[in-house]
Amino acid sequence: MDSLHAIGFYMSAGLSVAGGLAVAFLQGRGRRALALAVAGVGVAGIYTSLSAGLAGVVALISFAGCALLLAGPSYRVIEPAVSGRWRQIGAVAAAVLFAVLAWSAFRGNFAAAFTGYSPITLGGDGSGATQVGRQLFTHDALSTDAVGALVLVALVGATAVWRGRERRP
Amino acid sequence: MNVSLVTVLFVASGLVAVGAFVSVWRRDLTHALAGLPLMFGGAGTAFVGVSQFAAVSSPQVLGQEVAVLLSIVGLAAVALGVGLAGREASR
């Protein structure tokens, strides 16, 4: 990856995260939808800088569609009776989620095993984690992607169910 | 200045966490849906990054394919949620 792509990646990453945070904190439906569109531009830029131009275009269209839906006339406000404490606990849980994921990305030696940025050190405990990781990300990459997508859908579904239960009196 | 798989996964983690934060922070349930495309975007970033940097034998388009699917699923989820919210509010 050359410097131009790297600069584009970092700028897009900053744009997407800043846009996402603006969605959480901005007041006004139109502004939040605009912030979501800005986050979409950032995500599309990330994809494009990683040589995934088609995914970038689709992400841009998807985020623009989401922004239009959230700013459109069909939008209806539904506010459950949730105490502020649960929202704060949720915010802390999101921060913990970020810390765990970032730590996993930073310490995950599977990255080193494939990219050559540092020596392979995983598997020193004799568990064969390096071999399993290599198999998952090479020979069985499609299966790994499928399982990852399944887990993601399950997490999103669980979140939806949890938010639905909140609304019950 | 360089971009590695760790950097991409770090950014993907940030996007997923920001999406989760949006979903839990907004009082309005309908607007909490805005966190979904962010989370799907983070997951897609991770898939594209792994496909770009780590997958040796599998084609690089695999991660791009999953990212495209996740983008479509995110849009569908928001559309479904806004539709259900409109139906619920009109009762």
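**Figure 1. Helix H3 of chain A in the predicted model.** H3(A) comprises 19 residues and extends 27 Å from its first C-alpha to its last, close to the 27 Å expected at 1.5 Å a residue. The structure shown here and in the legends below is a predicted model. Buried residues of H3(A) include Ala55(A), Gly56(A), Val58(A), Ala59(A), Ser62(A) and Phe63(A). Further along the helix, Gly65(A), Cys66(A), Ala67(A), Leu69(A) and Leu70(A) are buried as well.

**Figure 2. Packing of H2(A) with H3(A).** The two helices pack at an angle of about 175 degrees, and their axes lie 8 Å apart. Since angles over 145 degrees count as roughly antiparallel, H2(A) and H3(A) are therefore roughly antiparallel to each other. The residues of this contact divide into 18 nonpolar, 5 polar and 2 charged.

**Figure 3. Ser51(A) in the loop between H2 and H3 of chain A.** Ser51(A) is not a glycine, yet has a positive phi of about 65 degrees. Most residues other than glycine have a negative phi. Around Ser51(A), 16 other C-beta atoms lie within 10 Å, and the residue is therefore classed as partly exposed.

**Figure 4. The side of chain A that touches chain B.** The contact between the chains takes 64 residues from chain A and 66 residues from chain B. On the side of chain A, two or more residues come from each of helix H1 (3-25), helix H2 (29-49), helix H3 (53-71), helix H4 (84-107), helix H5 (109-115) and helix H7 (141-166). H1(A) gives the most, with 11 residues. By residue type, the side of chain A that touches chain B divides into 46 nonpolar, 12 polar and 6 charged. For the complex, the predictor gives an ipTM of 0.91 and a pTM of 0.76.

**Figure 5. Chain B and its helices.** The secondary structure of chain B consists of 4 helices and 0 strands, in the pattern α-α-α-α along the sequence. Of its 91 residues, 65% count as buried. Among contacts in chain B between residues at least 6 apart in sequence, 55% join residues at least 24 apart. The mean pLDDT of chain B is 82, with 85% of its residues at 70 or more.

**Figure 6. Helix H1 of chain B.** At 1.5 Å a residue, the 21 residues of H1(B) should span 30 Å, and this agrees with the 30 Å between its end C-alpha atoms. H1(B) is mostly covered, with 18 of its 21 residues buried.

**Figure 7. Contact of H1(B) with H3(B).** Helix H1 (residues 5-25) of chain B and helix H3 (residues 35-53) of chain B pack at an angle of about 170 degrees, with 7 Å between their axes. H1(B) and H3(B) are therefore roughly antiparallel to each other. The residues that H1(B) brings to the contact include Leu5(B), Val8(B), Ala12(B), Leu15(B), Gly19(B) and Val22(B). Among those on the side of H3(B) are Leu36(B), Met39(B), Gly42(B), Ala46(B), Gly49(B) and Phe53(B). In an α-helix, which has 3.6 residues a turn, residues three or four places apart point the same way. The contact of H1(B) with H3(B) comprises 17 nonpolar, 7 polar and no charged residues.

Note on methods. Residues numbered from 1 in each chain as written. Chains lettered and ligands numbered in written order. Predicted model: local features only at pLDDT ≥ 70, side-chain atom pairs only at ≥ 80, totals over all residues. Axes fitted to C-alpha atoms, helices over the stretch in contact; angles between N-to-C directions. Parallel < 35°, antiparallel > 145°, perpendicular 65-115°, else oblique. Contact = placed C-beta atoms within 7 Å. Nonpolar A, V, L, I, M, F, W, Y, C, P; charged D, E, K, R; others polar. pLDDT = per-residue confidence, 0-100. Expected span 1.5 Å × (residues − 1). Buried ≥ 20, exposed ≤ 12 C-beta atoms within 10 Å, placed from the backbone.
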